[in-house]
Amino acid sequence: MDWLSDNLASTLAVIGLLLLAIEIAVLGFATFVLLFVGIAALITSGLFYLDIVPATYLNAFISVGILTAVSAALLYRPLLQMQQQVEKKPVTSDLNGVRFVLAEAIGPAAVTTHAYSGIHWTVKSQLPIPAGTEVEVVNVEVGVLHVVPAPAA
């Protein structure tokens, strides 16, 4: 126990780094709690190293608690906004560009199915397309192929 109290600043630095590593590597910024506590532990460790605050357990608990609250108050909104900025990219699929001949007519109100690679896909189109027309897949959703008439080759 003497070793821990003699090396409280180092222990807090290690704990802070571990909490930051868990938050970043394992949780991927999903929760900010460990981030705020890790930052507070590192700052408290620095205050102890610089002898600004005496290195005692009580000072460690108080300092980590206060600095956690301060870091949460300052960083929560910016981090939340950063988390919500999601770049929406269209998903491309290997099935885009696949061509096949329709067995049944389809359109905005009519759908059909097509067996491809051992799966029965629902085939949809925004345009009316008669049976026997060669179509090309332009978009893929779960279990659904969106097609358009294939351009002449």
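Let's start with Phe32, which has 8% relative accessibility and so counts as buried. Keep in mind that this is a predicted model.

**Aromatic cluster**

- Two aromatic pairs turn up in the structure.
- One of them joins Phe32 to Phe36 in a tilted arrangement, with 6.1 Å from centre to centre and 45° between the planes.
- Both of these residues, Phe32 and Phe36, are buried.
- Phe32 also pairs with Tyr76, this time edge-to-face, with the centres 6.0 Å apart and the planes at 80°.
- Because Phe32 sits in the loop between α2 (8–26) and α3 (33–49) while Tyr76 belongs to helix α4, this pair ties together parts that lie 44 residues apart in sequence.
- Tyr76 has a relative accessible area of 41%, so this residue is partly exposed, whereas Phe32 is buried.
- Taken together, Phe32, Phe36 and Tyr76 make up one aromatic cluster.

**Salt bridges**

- How many salt bridges does a search of the whole structure find? The search gives two.
- In one, Glu134 is bridged to Arg99, and the closest N and O atoms are 4.0 Å apart.
- This pair links distant parts of the chain, with Glu134 in strand β4 (residues 134–141) and Arg99 in strand β1 (residues 99–101), 35 residues apart.
- Arg99 also meets Glu136 through their side chains, at 3.5 Å from N to O.
- Here too distant parts of the chain are linked: Arg99 is in strand β1 and Glu136 in strand β4, 37 residues apart.

**Nonpolar surface patch**

- Leu58, Ile62, Ile66, Val70, Leu74 and Leu75 make a nonpolar surface patch of about 560 Å².
- Val70, one of the patch residues, is found in helix α4 (residues 57–84).
- With a relative accessibility of 40%, Val70 counts as partly exposed.

Technical notes: Residues numbered from 1 in each chain as written. Predicted model: local features only at pLDDT ≥ 70, side-chain atom pairs only at ≥ 80, totals over all residues. Heavy atoms only, no water. Patch = residues over 30% accessible without salt bridge, like charges linked within 9 Å, V, L, I, M, F, W, Y side chains within 5 Å. Areas by Shrake-Rupley, 256 points an atom, 1.4 Å probe, with all protein chains shown as cover. Helix = DSSP H or I, 4+ residues; strand = E, 2+ residues; numbered from the N terminus. Buried < 20%, exposed > 50% of the residue type's maximum accessible area, 1.4 Å probe, protein only. Phe/Tyr/Trp six-rings, centres within 6.5 Å; stacked < 30°, edge-to-face > 60°.
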